[in-house]
Amino acid sequence: MALDATIKQQLNQYLALLESDLVFTVSVDETEDSKKVLDFLEEIVAMSSRLSLEKATLARTPSFEISSKEQPASGVVFAGLPLGHEFSSFVLALLQVSGRAPKLEEAVIAQIKELEGPLAFETYVSLSCHNCPDVVQALNTMSVLNPNITHTMIEGGMYQSEVEAKQVMAVPTVFLNGEEFASGRMTMEDLLAKLGSAPTAEDFADKEPFDVLVVGGGPAGASAAIYAARKGIKTGIVAENIGGQVLETLGIENFIGTPYTEGPKLMAQVESHIREYPVDIMKTQRATKLEKNELVEVTLENGAVLKSKTAIISTGARWRSIGVPGEKEFKNKGIAYCPHCDGPLFAGKEIAVIGGGNSGIEAAIDLAGVVKHVTVLEFLPELKADEVLQKRLYSLPNVTVVTNAQTKEITGNQKVEGLTYIHRETAEEVTLDVEGVFILIGLMPNTEWLKGTLDLTDRGEIIVDSRGATSIPGVFAGGDCTDSIYKQIIISMGAGATAALGAFDYMIRDI
């Protein structure tokens, strides 16, 4: 295979940054997949005198390990081709194995080095998954920093038999020492927390009260933190991650001034922007309680209590569930929410998409190019998606649309094997033999922890005024967790800015 000229030009720039000589230890045989991996590595080795290749027998064929000649056995292995979204993981691994320091806070590096092993991670990915690189890069970095840790990226398309044997039906899926460890998008902080290395309440005990405390790290929260910090006031942001729902979004074409970007890329830029200011960023934290005493007090899941003169709630929303038997039981075992990430795992299979809005129909169109057949189930008498999407959908030969369909249950043994729905006009009960169900029926605000505290709509959305103020003085809100009519990235960013300006105005006028 030959790398694209543009990719080679970019790669050349990175190869110039290598800090030591590297060797690819490659395990190949006579298969076509092995030839692809070997061709890929030989083409890259030819680009730099600092790279060499040696053949050996590794745990998987085809696969290769990246090691420094100065410090062999990095523990970073790629089983399959690290192309698509994983090419960035490959490039970053080259730099870090060569000795280039990872861009992590010293406290995080210390956490990684303190982990006791052996910890042998394996991550199953698809090259179209935009969430997988975060996990792969985090675990590769951990392997470089801690000799007790190893990590192998496994490209699911090349190792389909393993995927099926281990019943991997969502990516990324991580195994630790042979046992399933985690699934879905995770940051370095998430992985460390899952390994038992998370901040405790004691780590927050010495924090002085903030002027503005932002709860939630999506577009609204990030915008609020930046706007507040630019006012020169003490700002903190506490969130599970920086990015929120946008991290699940692949193509973004309506962000004004940027014809096309992708969710993870956009939010990485946003996090970098936040870090331009002295904002106290507290990730992997979930708020559980809000109180207004002399100051606003936010209690975290770990028991810590953060105090602030004002607070901005921007906890966003999550995919709405359908609430039928089998949905929870088969999550990541045939039930999925991201067609871009998990679609390739259902290649050649029968699947169903629940939801006839834009997101559901976009998913059905996307999946139709990969799977054997798609059945779209819509509860209402007609689809709600834009006409242009419906036209495209109805032009596809392997798609069936069923309206007035009420999903009754999702069935199977260890994974999804069927879906039963009731036709709402005829009361007929129909069972589909499907191996995958993609659920895309809208969003639910992440506000359960605020019930009885703030005024909410009957949908659970926080009621705000034109300044982002809520029913409690000094508490503001913005984004998809509020009663904002339209749920869009750019609108959430504007709402976050409004809430920050509202909070600042409140402090100078009312405190």
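Into which domains is the protein divided? I find domain 1 (5-195), domain 2 (207-318 + 444-510) and domain 3 (335-439), with bounds that come from an automatic or database domain assignment.

I note that this is a predicted model, in which local features need pLDDT of at least 70, side-chain atom pairs count only at pLDDT 80 or more, and totals for chains, interfaces and linings use all residues. Residues are numbered from 1 along each chain as its sequence is written, and side-chain values use heavy atoms, leaving out hydrogens and water.

Entry on domains 1 and 3. I looked up their centres, taken over C-alpha atoms, and found 34 Å between them. In contact (heavy atoms within 4.5 Å) are 12 residues of domain 1 and 10 residues of domain 3.

Entry on the cores. I looked up the nonpolar cores, sets of buried (under 20% relative accessible area, 1.4 Å probe, protein chains only) Ala, Val, Leu, Ile, Met, Phe, Trp, Tyr and Cys residues joined through side-chain atoms within 4.5 Å. The largest has 67 residues, and F24, F40, F64, I66, F90 and V374 have the most contacts inside it. Helix 3 (residues 87-97) gives the most to this core, seven residues; helices are DSSP runs of H or I, at least four residues, numbered from the N terminus. Domain 1 and domain 3 each supply at least three residues to this core. A second, separate core has 31 residues, including V214, A228, V279 and I312.

Entry on F24. Beyond neighbours within four places in sequence, I list among its contacts L41, I44, F64, I66, F90 and L94.

Entry on a helix pair. N358, I361, E362, A364 and I365 in helix 11 meet L389, R392 and L393 in helix 12.

How values were computed:
Buried means under 20% relative accessible area, exposed over 50%, partly exposed in between (1.4 Å probe, protein chains only). Helices (H or I, at least four residues) and strands (E, at least two) are DSSP runs, numbered from the N terminus.
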